[in-house]
Amino acid sequence: FDHYKLKWSGTYVPLELRHPLALSLFCRFKMSQDGTEVQLPEQIEDTGEVYELYCKNVAERVAQDVDCGAVLSPALISSGIDAFARLLYEANTREVLVDQLEKICALPSGVRKSLGRILFDEGIGALGMSKTGAQFLEPSYDALGGYLIARYLLRQDEAASLKTLAQHPLCEDILRFLIRGWNKRHPDVFVGDVYPDLDKRLLAEILITLPDVYLTESACACVKDQCGVDDGVLQWLLQRILTDFGRTDVPFTASDLDAVLSSLPMARRDTTWGRVIANSIDRLSEKLWADWRGKDEEYSVLCKWLLCSNCTTVRDRASHLIVEIGRSRPQQFLDQVVAAVKINDNYIVERMLAASYAVCQALFSDRKTSNWESLIIGHAEKMVVILLDQRSQFGTSHSGVIDTVVNLVALAKELRIVNGSRIIRKFRFPYRLRKNVFKTDHDVDDGVVSAVDRAIHMNMANYTLTRLVGASPYQTDSEEY
């Protein structure tokens, strides 16, 4: 961009510009002819217009080429390019035979070049030779081939069947340009409804990489549906939410992050979201942390899920910010803590509960919030019912969680919480009023008894006893053993 005097400071650039030839072509068509600096839009939405102009220039330039030996109309060259795209799509391959191309788009007699040679000379395709000696033509680069095929499909009177598109070697580039082209023509109609046989996983993988303008409500729904079954789509979505975090008017928000991560099994969440956090440490900079005021609801959701990180710095910073946000909006935060109890990750529950205890301590010390007493008592009572009642769905034996709830009760006891003393006696050493959690209240199946017996015997015989006699595990032939 600097070389071609293009100024850009945006957040999105199309994936096809990763290819050096595609990037060079884009820059040459966007640069100013008088050498002045050109400001590019913040989101470079589409490169299709560049390829369209390029194909038009090729057709006009060939029509004026005296080396061809005959007059060729721009329309004929354009039809030759369309025939090339049609054969690429129908053959489901990356290349087509030049003889086959010239059969469906014959040039006038007297032309000294073949159609394949003309398209090669103009940079549309690259020539090669097969093992049988037949000459073939393939697109100069994948993005251009994808654009030409997508343009061919969009020009058909009826929607073509895309059932086999997922097997095409250029499928991602084709679909990327197909979505963009369709959206420009029919912004109110979702491309997935027009091509019902299109692979939804592939569609979602492409949609999540496109600029905001293409992510309509139907497109976003398609992406979210595929998150449940495809880790690739899920990781792209999580990365996009984190990259766009703090911006307004984005297709995927903090509530989407909360809904997606809440629905995942813990192991899948750790392997996908954990990797996204690890790849975005630079993004989680001071600027992001300092930008939370006025967006406290979104940031409290983000910080809650950053507690999944195995990066101590990120996790601790998120914990501190959660407390700060909680102090600024205690009622909403304490409600969020109650909802967080349902998360299938004890670490998040433990940290969120500890943050709520810190917020309640601050309320108790400051005594500035109008209903601070009822907030503390109400929160303590809810936590007792949800976490300490053995009949509760979320009842726990997690010692850290229990200790924090008891500390909440002790704080609320100063404000005359009901049964506060009894709860403290029950859940603090020596646990006089606590039910024996190891007591068996029903008959145990013989298979369970046998399995437990074998496990204990295996551990004692092969590890504990061998360690006591100074032998290695499973070394059971010594006299001391």
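Which residues are buried in α20? In helix α20 (residues 399–413), Gly 400, Val 401, Ile 402, Thr 404, Val 405, Val 406, Leu 408, Val 409, Leu 411 and Ala 412 are buried, where buried means under 20% relative accessible area, exposed over 50%, and partly exposed in between (1.4 Å probe, protein chains only).

## Basis of the model

This is a predicted model, in which local features need pLDDT of at least 70 and side-chain atom pairs count only at pLDDT 80 or more, while totals for chains, interfaces and linings use all residues. Residues are numbered from 1 along each chain as its sequence is written, and side-chain values use heavy atoms, with hydrogens and water left out.

## Helix α20

Helices are DSSP runs (H or I, at least four residues), numbered from the N terminus. The expected span of a helix is 1.5 Å times one less than its number of residues. The 15 residues of α20 should therefore span 21 Å, and its end C-alpha atoms are 21 Å apart, which agrees.

Lys 413 also lies in α20. Lys 413 is partly exposed, with a relative accessible area of 38%.

## The nonpolar core

A nonpolar core is a set of buried Ala, Val, Leu, Ile, Met, Phe, Trp, Tyr and Cys residues joined through side-chain atoms within 4.5 Å. The largest one has 143 residues, and Leu 207 and Trp 273 have the most contacts inside it. Helix α19 (residues 372–388) gives the largest share of this core, 10 residues.

Contact means heavy atoms within 4.5 Å. Leaving aside residues up to four places away in sequence, Leu 207 touches Ile 179, Phe 190, Tyr 214, Leu 215, Ala 219, Cys 222, Val 223 and Arg 240.

## Helix α13

Trp 273 is buried in α13, as are Arg 268, Arg 269, Thr 272, Val 276 and Ile 277. The cover over the buried residues of α13 includes α10 (217–227), α11 (231–244), α12 (254–262), α15 and α16. The 14 residues of α13 (residues 266–279) should span 20 Å, and its end C-alpha atoms are 19 Å apart, which agrees.

## Positive phi values

Most residues other than glycine have a negative phi. Arg 367, however, has a positive phi near 55°; Arg 367 is found in the loop between α18 (346–366) and α19. At 46% relative accessibility, Arg 367 is partly exposed. Tyr 474 has a positive phi of about 70°, and is found in the segment after α22 (446–468).

Notes. Helix = DSSP H or I, 4+ residues; strand = E, 2+ residues; numbered from the N terminus.
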